[in-house]
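Please keep the sequence and the coordinates at hand while reading.

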Amino acid sequence: FPHPTGGRTEFFMVRHGRTDGNVRQMLVGRTDIPLDQEGIRQAAAVGAYFHGQPRPDVIVASPLQRARNTAQAISDLVGIPVEIESEIAELNFGTFEGRLWAELMDQEPEFTSQFSNWDVDVHWPGGERLSEFHHRVRSAFSRLAATYANHSTIVVSHGGVMGSFISQLLGTPPNDWTRYQ
């Protein structure tokens, strides 16, 4: 993953705090749900962590409130405004948004069985195709690296986005992003 300017950008990757959807193992990709009480505590803790570190140059967050609010907790303590980057929003699960993964496995076994093969380019009905998602993630981070060349950047996003990016950095199958969550 070469730097687009030949420079260096330091990314500090932060997954948003916990939500009720995380606890329930619900597909909440683009569903804009808030942090739960534990997620609010986690956001405050990550803010306190960054407050005790060398000051970053920029904070970038997904537009979804769970990431935005986590980023704001960091911003409140380090004194840097949050910039929103729509392309680091979570995968769009389409018509399956809001469904429990266990329920989906039971009711849509043909669809869910595709995920055991990392080479399959699954298209979520009414949502994103995995290859399009991975391309979006790669393009977003390339753009962020170019925009913030030679800067330290806190990126507050989602498990799927970070897993996709890390997989692509390491050259592992991006559909196996769950290994990095």
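**Strands, rings and loops**

Alanine 61 has isoleucine 84 in E3 as its bridge partner. The model is a predicted one, in which local features require pLDDT of at least 70 and side-chain atom pairs count only at pLDDT 80 or more, while totals for chains, interfaces and linings use all residues. Residues are numbered from 1 along each chain as its sequence is written, and side-chain values use heavy atoms, with hydrogens and water left out.

Strands E2 and E3 run parallel and are joined by 3 bridges; two strands pair if DSSP finds at least two bridges between them. Between E2 and E3 the chain passes through helix H3 (residues 65-78), and this β-α-β crossover is right-handed: with the strands pointing away from the viewer, the path from the first strand over the helix to the second runs clockwise. Helices (H or I, at least four residues) and strands (E, at least two) are DSSP runs, numbered from the N terminus. E2 is also joined to strand E4 (residues 152-157), by 4 bridges, and these strands run parallel as well. There, valine 60 stands opposite valine 155 in E4.

How are the two faces of strand E2 covered? In a regular strand, side chains alternate between the two faces of the sheet. In E2 (residues 58-61), Val58 and Val60 lie on one side and Ile59 and Ala61 on the other, and all are buried. Buried here means under 20% relative accessible area, exposed over 50%, and partly exposed in between (1.4 Å probe, protein chains only).

The aromatic side chains form 12 pairs in the structure. Rings of Phe, Tyr and Trp (its six-membered ring) pair if their centres lie within 6.5 Å; planes under 30 degrees apart count as stacked, over 60 as edge-to-face and the rest as tilted. One of the pairs, phenylalanine 12 with phenylalanine 50, is edge-to-face, at 5.9 Å centre to centre and 80 degrees between the planes. This pair links distant parts of the chain, since phenylalanine 12 belongs to strand E1 (residues 10-15) and phenylalanine 50 to helix H2, 38 residues apart. Phenylalanine 12 counts as partly exposed because its relative accessibility is 31%, whereas phenylalanine 50 is buried because its relative accessible area is 8%.

Phenylalanine 93 and tryptophan 124 form another edge-to-face pair, with 4.7 Å centre to centre and 80 degrees between the planes. Phenylalanine 93 is in the loop between strand E3 (82-84) and helix H4 (101-107), and tryptophan 124 is in the loop between helix H5 (109-112) and helix H6 (130-147), 31 residues apart. At 10% relative accessibility phenylalanine 93 is buried, and tryptophan 124 is buried at 2%. Both residues belong to one aromatic cluster, together with Phe96, Trp101, Phe111 and Phe115.

Two loop residues other than glycine have a positive phi. Glutamine 25, with phi near 55 degrees, lies in the loop between helix H1 (20-24) and H2; it counts as exposed because its relative accessibility is 55%. Asparagine 150, with phi of about 65 degrees, is placed in the loop between H6 and E4, and is exposed because its relative accessibility is 60%.

Helix H2 (residues 37-51) also contains glutamate 38, which is partly exposed because its relative accessible area is 25%. The C-alpha atom of glutamate 38 is separated by 31 Å from that of alanine 145, 107 residues apart along the chain.
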